[in-house]
Amino acid sequence: MAIASFRHRELKKLYNGKKARLDAAWVDVLLIIFDALDSMGSVDDLKGFRGFHALTGNRKGHYSLKVTANWRLTFTFDGTDAHDLDLEDYH
């Protein structure tokens, strides 16, 4: 599994090692998540990791990982790569 694309511009900057305009308290958590996404063999390997779950309804096909109490990193998965990484408060 690898991270293939981003929806959120600041997440992409952080992933590429550049200074990003993100809450400083989130940076370490996001870097851990990036590492996990880059090293996992399949989406099933994320079960139990930082509140991982598949979304339902009109978000079916998307997955979520907890960053903070309300903020989630969401993405899609095509079988080998994570796509469309986004940071959102969808609660």
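Asp86 is buried, at 15% relative accessibility, where buried means under 20% relative accessible area, exposed over 50% and partly exposed in between (1.4 Å probe, protein chains only). The model is predicted: local features need pLDDT of at least 70, side-chain atom pairs count only at pLDDT 80 or more, and totals for chains, interfaces and linings use all residues. Residues are numbered from 1 along each chain as its sequence is written, and side-chain values use heavy atoms, with hydrogens and water left out.

Asp86 forms a salt bridge with Arg7, and the closest N and O atoms are 3.6 Å apart; a salt bridge is a side-chain nitrogen of Lys or Arg within 4 Å of a carboxyl oxygen of Asp or Glu. Because Asp86 lies in strand β5 (residues 81-88) and Arg7 in the loop between β1 (2-3) and α1, the pair ties together parts that are 79 residues apart in sequence. Helices (H or I, at least four residues) and strands (E, at least two) are DSSP runs, numbered from the N terminus. Arg7 counts as exposed, at 61% relative accessibility.

In the whole structure, a search finds five salt bridges. Among them is that of Lys13 with Glu10, at 3.2 Å from N to O. Lys13 and Glu10 are three residues apart in helix α1 and therefore separated by about one helical turn. Glu10 is buried at 7% relative accessibility, whereas Lys13 is partly exposed at 28%. Lys47 and Asp44 also meet through their side chains in a salt bridge, at 3.7 Å from N to O. Lys47 is exposed, at 60% relative accessibility, and Asp44 is partly exposed, with a relative accessible area of 48%.

Six aromatic pairs are found in a search of the whole structure. Rings of Phe, Tyr and Trp (its six-membered ring) pair if their centres lie within 6.5 Å; planes under 30 degrees apart count as stacked, over 60 as edge-to-face and the rest as tilted. Tyr15 and Phe34 form an edge-to-face pair, at 5.4 Å centre to centre and 90 degrees between the planes. This pair links distant parts of the chain, with Tyr15 in helix α1 (residues 9-15) and Phe34 in helix α2 (residues 24-39), 19 residues apart. Tyr15 is partly exposed at 28% relative accessibility, whereas Phe34 is buried at 3%. The rings of Trp26 and Trp71 form a tilted pair, because their centres are 5.1 Å apart and their planes at 45 degrees. Ring pairs also link Phe6, Tyr15 and Phe34 into a cluster.
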